[in-house]
Amino acid sequence: MLEGLVERTRDPKRRAEYEAELFCPPCPAALAHVWNAFARLGARRASGFGASPISFLEIESFQRLTGLRFMSLEIRLIEELDDLYRKIMSEKAE
């Protein structure tokens, strides 16, 4: 969403604000598959009164359906990404 605002904005100050909000360090190549799995799982997240956590059942189903197998550390990373996502979303809603 913000990417489109950056492209359309003509005010240099606003553009810099949008770009700063979008900036983040690059994802390490060794963890790209975890980030992609989190993004795919999150895109199918149940909605309602806030973001629902990604469940172990959803992770298990994702692995079964995609043929991917995560190590316990990778599952923990998905959980931590999900916790952070839900925290940020709840703060934005306040």
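A salt bridge is a side-chain nitrogen of Lys or Arg within 4 Å of a carboxyl oxygen of Asp or Glu. R86 forms such a salt bridge with D83, and their closest N and O atoms are 2.8 Å apart. The model is predicted, with local features needing pLDDT of at least 70 and side-chain atom pairs counting only at pLDDT 80 or more, while totals for chains, interfaces and linings use all residues. Residues are numbered from 1 along each chain as its sequence is written, and side-chain values use heavy atoms, with hydrogens and water left out.

The structure holds six salt bridges. R86 and D83 both belong to helix α5, three residues apart, or about one turn of the helix; helices are DSSP runs (H or I, at least four residues) numbered from the N terminus. R86 has a relative accessible area of 24% and is therefore partly exposed, a class lying between buried (under 20%) and exposed (over 50%), with a 1.4 Å probe and protein chains only. D83, at 36%, is also partly exposed. A salt bridge also joins the side chains of E80 and R76 (3.3 Å, N to O). These two residues are separated by about one helical turn, because E80 and R76 are four residues apart in α5. In K87 and E91, the closest N and O atoms of the salt bridge are 3.8 Å apart. K87 and E91 likewise lie four residues apart in α5. Salt bridges that share partners join R45, D82, D83 and R86 into one network.

Helix α5 (residues 72-93) also packs with helix α3 (residues 32-43), at an angle of about 50° and with axes 10 Å apart. Axes are lines fitted to C-alpha atoms, for helices over the stretch in contact, and angles run from 0 to 180 degrees between N-to-C directions. The two helices are therefore oblique to each other, the class left over after roughly parallel (under 35 degrees), roughly antiparallel (over 145) and roughly perpendicular (65 to 115). In the contact (heavy atoms within 4.5 Å), residues of α3 including W35, F38 and L41 meet a set in α5 that includes L77, I78 and L81.

In helix α4 (residues 56-66), I59, S61, F62 and Q63 are buried. The buried residues of α4 pack against α3 and α5. Just after α4, G67 takes a positive phi of about 80°.
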